Amino acid sequence: MTQQQQTAGGDVRLAGISKTYGSFTAVQPLDLTVPQGSFFALLGASGCGKTTTLRMIAGLEEATTGTVFLGEKDITDLPPYKRPVNTVFQSYALFPHLDITENVAFGLRRRGIKSVKKQVDDMLELVELGDFARRKPHQLSGGQQQRVAVARALINHPQVLLLDEPLGALDLKLRRQMQLELKRIQTEVGITFVHVTHDQEEAMTMADTVAVMNGGRVEQLGAPADLYENPRTTFVANFLGTSNLIEGEVVSTGGDLVVAAGGGRLTLPRERCSAPTTSGGRLLLGIRPEKISLAHADDAESIAAGRNRVTGRIVDSSFIGVSTQYVVESPAGKALQVYEQNVDRRTGLLPGAEVILHWNPAHTFGLDADQDIDAGVESVEDAA
């Protein structure tokens, strides 16, 4: 363990923290713990309260109610410059007239530290920019500028680094590369990173724990794989990736749940259902597109016994390289999505083809049918 890790100051804990602007509530009263040394993501669409929450941790926004703790210390009333916290913004905010060395050294020089060379050199090595020390920001790529901003924040040895959409200005390929880069840096320095993003893949790639925010509150909190496999609300099921949600009625609760849906019977493990499960009750069955296999309608006998089955007709298909994405119209849903990896080129699976969708019942999850089935579905306007 490094000296820096040993002296880090404990968990970030938000207790009943909220923010209102007049009659508008940006963040509902929130209790949240960010474990020391973890990579934590606040994930949600625009206006969900994630950036406001981050700014309250930074002290850039005054909380309406509640308390911000760092370890045992109440930092709610401390101004930003007195908090052991640094923020990296999407804009990077580098000084254009200073070279990279002086940009990174800025915080140290402001504190009156004269001998900065070794610390700056170490930081530039950490972010793999040792050869760029004398360049100006405009001579670097967006990804390199972003790493300078991270180095400039980390050189102050904050106990917490806050990242506000730091990769938003980068193109897709560079963004993916920087996700891995930031995760590597966080692992090496061992301090707490709190990262705000609207990008589901980014949150799942980088974070140990993700808090999915919606309407100013945390909808669900957990490890990325757990949120993806076991969403507890329709919003999380639709916002984290894509889910097929099928309306049905519970017909048996002995052992696995059996649900009448789409003209047939589908089963799911009781422990994967977050809704009340009384016989005759309504339920939403969820299944991820990549868990489903497709068979031609006349190949029904080739499907293994015990699998969930739904009949349908392909209405659209898109070849996207790694997979082919099908849209299937069915009694179970008008636009069921199926993603098949392109291991073998399959013939005959074209729009108009009659098919059977089948999957392992263990991959099915159940949600409360009283929720909005389309909550969290990204519209064209959202994506713009």
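Which elements are among what covers the buried residues of α3? Those covering the buried residues of α3 include α4 and α5, where helices are DSSP runs of H or I with at least four residues, strands are runs of E with at least two, and both are numbered from the N terminus.

## Basis of the description

This is a predicted model, in which local features need pLDDT of at least 70 and side-chain atom pairs count only at pLDDT 80 or more, while totals for chains, interfaces and linings use all residues. Residues are numbered from 1 along each chain as its sequence is written, and side-chain values use heavy atoms, with hydrogens and water left out.

## Helix α3 and its surroundings

The buried residues of α3 are Ile100, Thr101, Asn103, Val104, Ala105, Gly107 and Leu108, with buried meaning under 20% relative accessible area, exposed over 50% and partly exposed in between, for a 1.4 Å probe and protein chains only. At the start of this helix, a side-chain oxygen of aspartate 99 comes to within 3.2 Å of the backbone nitrogen of threonine 101. After α3 comes glycine 112, which has a positive phi, near 85°.

## Aromatic pairs

A search of the whole structure gives three aromatic pairs; rings of Phe, Tyr and Trp (its six-membered ring) pair if their centres lie within 6.5 Å, and planes under 30 degrees apart count as stacked, over 60 as edge-to-face and the rest as tilted. One of them joins phenylalanine 95 and phenylalanine 106 in a tilted arrangement, at 4.7 Å centre to centre and with 50° between the planes. Because phenylalanine 95 lies in the loop between β6 (85–88) and α3 (100–110) while phenylalanine 106 belongs to helix α3, this pair ties together parts that are eleven residues apart in sequence. Phenylalanine 95 counts as partly exposed at 26% relative accessibility, and phenylalanine 106 counts as partly exposed at 31%.

In another pair, the rings of phenylalanine 235 and phenylalanine 239 have centres 5.3 Å apart and planes at 10°, so this pair is stacked. The two residues are four apart in helix α9 (residues 234–239), and therefore about one helical turn separates them. Phenylalanine 235 and phenylalanine 239 are both buried.

## Charges over rings

A charge is taken to sit over a ring if NZ of Lys or CZ of Arg is within 6 Å of the ring centre and within 35 degrees of the ring normal. The charged end of arginine 13 is placed in this way over the ring of phenylalanine 69, 4.2 Å from its centre, and arginine 288 lies over the face of tyrosine 228, at 3.9 Å from the ring centre.

## Salt bridges

The count of salt bridges comes to 15, a salt bridge being a side-chain nitrogen of Lys or Arg within 4 Å of a carboxyl oxygen of Asp or Glu. In one of them, aspartate 121 pairs with lysine 117, with the closest N and O atoms 2.6 Å apart; because these residues are four apart in helix α4 (residues 117–126), about one helical turn lies between them. Aspartate 121 is partly exposed, with a relative accessible area of 30%, whereas lysine 117 is exposed, at 59%.

Glutamate 229 forms a salt bridge with lysine 291, the closest N and O atoms being 3.2 Å apart. Since glutamate 229 lies in helix α8 (residues 224–229) and lysine 291 in the loop between β14 (282–287) and β15 (293–296), the pair ties together parts 62 residues apart in sequence. Glutamate 229 is partly exposed at 28% relative accessibility, while lysine 291 is buried, with a relative accessible area of 19%. Elsewhere, Glu128, Glu181, Arg184 and Glu188 are linked in a network of salt bridges.

## Nonpolar cores

A nonpolar core is a set of buried Ala, Val, Leu, Ile, Met, Phe, Trp, Tyr and Cys residues joined through side-chain atoms within 4.5 Å. The largest such core has 49 residues, of which Val104, Leu124, Leu154, Leu161, Phe193, Val210 and Val212 touch the most other members. Helix α5 (residues 142–154) gives the most to this core, contributing six residues. Apart from this core lies another, of 26 residues, including Cys273, Leu283, Val355 and Leu357.

Glycine 143 also lies in helix α5 and is buried, with a relative accessible area of 1%. Neighbours within four places in sequence aside, glycine 143 is in contact with Leu170, Leu174 and Met178, contact meaning heavy atoms within 4.5 Å.

Technical notes
A polar contact is a pair of N or O atoms within 3.5 Å; within protein, one must be able to donate a hydrogen and the other to accept it, and residues adjacent in sequence count only if both atoms are side-chain atoms.
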